Amino acid sequence: MPRGKSNNKSNKKTKKEEVNKMTKLIPPAREPEVMDVDDTGGDETGGAAEEEEEEETQDFGPEFNPTHFQFLVEEKSEQFFEGQFQIGRPIRAAHNFLENPHGAVKLFQGDTCALCAVYGPTEIRMSKELPHRAAVDVLFRPKITGTSKQSQMTGWDSTLEERAIEAKLVGILESVLYLEDDMGAGFNIILHEFENDGCLFSTCINASALALLNAGCSMRCCFAGVTILVNETNNTLIVDPSQSQIDSGFDAMITFVLSNDGHVLFSSIQGRTKTNMIRLCLRQASEACKEIFVFQKQLQLQECSDFINGHSAVKPVNARGLKDEDIKVKLEDMKIDEDEENYEDLDDGEVSSSDS
Amino acid sequence: MDEGMKQQGLNLVEHVGQLVMPGDEFSMPQDLSKLILGPGLKLITDRRSTWEEGGVGTILACKPGVLAKVKGNTFFVEVKSKQYDSYKKDDVLGVIKQKGKGDQYTCDVGTKERAHLSKFAFEGATKRFRPDLQVGDVIYGKVVELPPDFPMELTCVHGTGKSLGLGVLESGHVFQIPVHFTRLLRSASDSVNVLRKIGRIVPCETAVGVNGLIWVKAKNAVLTILVCQLITKLSQSSVAEHEQILKQFRKGISSLAM
């Protein structure tokens, strides 16, 4: 039907307009500020951090290369919710892109992309079942297994880094999810690396957080992860660095996972740096995480817009969805609403169909 | 102002219809009589003093969604989800998976555990006289009120001994929709309920389980499948688009001329 097709297109357009409206609501991007270290960090540490300067770089990865980013061009036909990540690279996400899982999210942080699917409390393998709480099972699949730098350097297990990501994520999720509520069940979280342009681990954390929210699992708090690069030679911090920035050298790479209620759920550091530098990173990470929480909120707001605008708190009814009074009304006469008068002519068609 | 962080000290009554995220805290309301917290809300009490002693507690939201209130001081969070969580007195559609030698069937309802259905839990069933169901049959049942930690059990009769619509579903078609959409199909108000509007176009029999399974039976197989496809499409689109889709469907049906 040509008419139907055109209608669909117009619907899509209106949706996009809505998204644009949503993004306009967000306050315009702040210009990168230079933080005064003297009055905050400096007091605690006795002025040791006075010389440190901070630059928030907004790097969108390497220059656009049509051959390299060919898949990105195709992705643009899909509907993405774009957030404004004011400190690091821009983030955008598409949710519900898979049918079967209870929650599924495709998350881009710059050019780094991770897919995450969550199966809420369900049956799991007998060997993983626990009698007192639900089990958490994370599966991480990289593009090519066993090619990580660490495994090549050490020469131990070729899947070392993948297993490490899984184990870290299990630790985080076990502290966040209400596992005591469904005993003997399990949460299956499946992560896929789509493209790695630095900060894959923090992208995986954010993708799983969004997927858990999408699935409606009960959680103690929201959580988000941020990676920060410390370069002491030129005194810079880079929030959410790209691969080229990581390759150009750093003193320390710190990953923080922070919760909605201001707790640090996880932190890991690669390399070495001063204590007050880590403290500074934590403050910067909490700023960045707030942005992600706002993004999570907006994504959820978009998804629940039906509940907010329309049919909140409708009354449940008896079996087969009818009340006694309703049946009486039906028996008497079926009244056509005023709104539906405009297709009365089609009602005639229905009558004729019942006759034949 | 920490926009992204959790909200604290919210008022339950004032926040109805607004978005809550996991971790948001509500203060205890003044009117505590018959306060019921539904799915998505949890009561966290202080460990030092029990609730009866007047200890201070907070109400914690643990699911993302919209706070809703129903009659009688009952609050819950409306969540979009595909996973069914069983509660007492829920009307569900179940598929018979096992026919035990005893007097029980095993049903798949969509929860993590299988539900039991007694062979006597049908209208007019006695020891001699009981319906013989096969594996794969679909029943419309009710979740029995049982204490926690009991295995889930279904029944096909009400307390009065009448079935009132519950029982075995014959012929027709069964399919799945997201769990949150069943609330829209089961609502009592005419303006909201889409199923009524569909019924005016194509008269059909339906049974909507809160676990996300729907059984549809129209005059013939073609109409049944068309209605099923319509409901699936409605479940994937937003409420604002429903009117448009129904209009299209109306036109398509009238052009079928059966």
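Two strands count as paired if DSSP finds at least two bridges between them. Strands are DSSP runs of E with at least two residues, helices are runs of H or I with at least four, and both are numbered from the N terminus. The model toured here is predicted: local features need pLDDT of at least 70, side-chain atom pairs count only at pLDDT 80 or more, and totals for chains, interfaces and linings use all residues. Residues are numbered from 1 along each chain as its sequence is written, chains are lettered from A and ligands numbered from 1 in the order in which they are written, and side-chain values use heavy atoms, with hydrogens and water left out.

Select β4(B) together with β5 (residues 57–61) of chain B; the two run antiparallel and are joined by five bridges. Within this pairing, B:L41 has B:A61 in β5(B) as its bridge partner.

**Second stop: the four-stranded sheet of chain B**

Next, select β1, β6, β7 and β3 of chain B, which form an open sheet in the order β1-β6-β7-β3 with mixed pairing. Because β1 (19–20) and β3 (36–37) of chain B each have a single partner strand, one side of each is left without a neighbour in the sheet. Strands β6 (residues 65–70) and β7 (residues 74–78) of chain B run antiparallel and are joined by five bridges; B:L67 has B:V77 in β7(B) as its bridge partner.

Move to β8 (residues 91–99) of chain B, which pairs with β11 (residues 138–143) of chain B in the antiparallel sense over five bridges. A hairpin of four residues joins β8(B) to β9(B).

Which residues form an aromatic pair that is edge-to-face? Select A:F201 and A:F266, whose centres are 5.8 Å apart with 70° between the planes. Rings of Phe, Tyr and Trp (its six-membered ring) pair if their centres lie within 6.5 Å; planes under 30 degrees apart count as stacked, over 60 as edge-to-face and the rest as tilted. A:F201 lies in helix α6 (residues 200–215) and A:F266 in strand β10 (residues 264–271) of chain A, 65 residues apart.

A:F201 is buried at 11% relative accessible area, and A:F266 is buried at 17% (buried is under 20%, exposed over 50%, partly exposed in between, with a 1.4 Å probe and protein chains only). The charged end of A:K168 sits over the ring of A:F201, 4.6 Å from its centre. Elsewhere, the charged end of A:R92 sits over the ring of A:F108, 4.4 Å from its centre. The criterion is NZ of Lys or CZ of Arg within 6 Å of the ring centre and within 35 degrees of the ring normal.
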